[in-house]
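Here are some notes to read beside the model. Take them one at a time, and find each residue on the structure as you go.

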Amino acid sequence: EDDWYAQFEVNCKRINSVAWNLAHMAWAENFFVLVATGNNTVNIRWLDLFKIGSDPAPLNLYPSREDIWSAFENIHTLAMHQVRTMKEEQFDEPNYINLKFKNGNSQRLAIHHHLRHEGSHIGHLAMLARMHGIGTI
């Protein structure tokens, strides 16, 4: 479990841990899918520690591995339910987080942004697995 919180240093730069990446991905799905489509944010006290642009939190403020997994899975379930129940025209309505893209500010674009963002962090997790000696294939 300690490996979840381990940070590597590459070229004199600290690489975020597995725990940080998963907590950040939970934050992002909450923000870019749930909040951007007009839902209330989930009420998880530690989630904003992992938002974009936040200073790295001290390890003693990190939630447990179980809490991160639980939040990650719960937020994903809520987000998938939200997307499945949206009417087609809702996707083209303005997002509720005032995020503007070069092609507009629709809820659809906020969801697309989330999917691209999540893909980059999947790559980070694969790199971390290799750095921890875990095969990825």
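Helices here are DSSP runs of H or I with at least four residues, strands are runs of E with at least two, and both are numbered from the N terminus. With that numbering, N98 sits in the loop between α3 and α4. Keep in mind that this is a predicted model.

1. **N98 and its backbone.** Most residues other than glycine have a negative phi. N98 is not a glycine, yet its phi is positive, about 55°. Is N98 buried or exposed? N98 is exposed, with a relative accessible area of 64%.

2. **C12, another positive phi.** C12 lies in the loop between β1 and β2. Its phi is positive at about 65°, and C12 is not a glycine either. C12 is exposed, with a relative accessible area of 71%.

3. **Helix α1 on its own.** Start with its span. α1 has 18 residues and covers 24 Å from first C-alpha to last, close to the 26 Å expected at 1.5 Å a residue. Now its surroundings. Of those 18 residues, 17 are buried, so α1 is largely enclosed by the rest of the structure.

4. **α1 against α2.** Helix α1 runs over residues 18-35 and helix α2 over residues 65-85. Their axes come within 9 Å and cross at roughly 25°. Angles under 35 degrees count as roughly parallel, so α1 is roughly parallel to α2. The crossing of α1 past α2 is left-handed.

5. **Who meets whom there.** On the α1 side, the residues are A19, L22, A23, M25, A26, E29, N30, V33 and L34. On the α2 side, they are I68, F72, I75, H76, L78, A79, M80, Q82 and V83. How many residues of this contact are nonpolar, polar and charged? The contact of α1 with α2 has 14 nonpolar residues, three polar and one charged.

6. V83 belongs to helix α2. At 25% relative accessibility, V83 counts as partly exposed. Leave out residues up to four places away in sequence, and V83 touches V33, F91 and I111. V83 and I111 are 28 residues apart along the chain, and their C-alpha atoms are separated by 8.9 Å.

7. **Helix α4 on its own.** α4 spans residues 107-131, which is 25 residues. From first C-alpha to last, α4 reaches 36 Å, close to the 36 Å expected at 1.5 Å a residue. Its buried residues are Q107, L109, A110, I111, H114, H117, E118, H121, L125, L128 and A129. What covers them? The cover includes β1 (8-10), β2 (13-15), α1, α2 and α3 (88-91). Just after α4, G133 takes a positive phi of about 85°.

8. **α1 against α4.** These two helices pack at an angle of about 175°, with their axes 10 Å apart. Angles over 145 degrees count as roughly antiparallel, so α1 is roughly antiparallel to α4. From α1, the contact uses V18, W20, N21, L22, H24, M25, A28, E29, F32 and V33. From α4, it uses A110, I111, H113, H114, H117, E118, H121, I122, H124, L125 and L128. By class, the contact of α1 with α4 holds 12 nonpolar, seven polar and two charged residues.

9. I122 is in helix α4. I122 counts as partly exposed, at 47% relative accessibility. How far apart are I122 and N21 in sequence and in space? I122 and N21 are 101 residues apart in sequence, and 8.7 Å apart from C-alpha to C-alpha.

10. W20 is in helix α1. At 12% relative accessibility, W20 counts as buried. Which residues does W20 contact, leaving aside neighbours within four places in sequence? W20 is in contact with F50, Y62 and H121. The C-alpha atoms of W20 and L59 are separated by 9.8 Å, with the two residues 39 apart along the chain.

Key
Residues numbered from 1 in each chain as written. Predicted model: local features only at pLDDT ≥ 70, side-chain atom pairs only at ≥ 80, totals over all residues. Heavy atoms only, no water. Axes fitted to C-alpha atoms, helices over the stretch in contact; angles between N-to-C directions. Parallel < 35°, antiparallel > 145°, perpendicular 65-115°, else oblique. Left-handed = near helix turned anticlockwise from the far one by under 90°. Contact = heavy atoms within 4.5 Å. Nonpolar A, V, L, I, M, F, W, Y, C, P; charged D, E, K, R; others polar. Expected span 1.5 Å × (residues − 1). Buried < 20%, exposed > 50% of the residue type's maximum accessible area, 1.4 Å probe, protein only.
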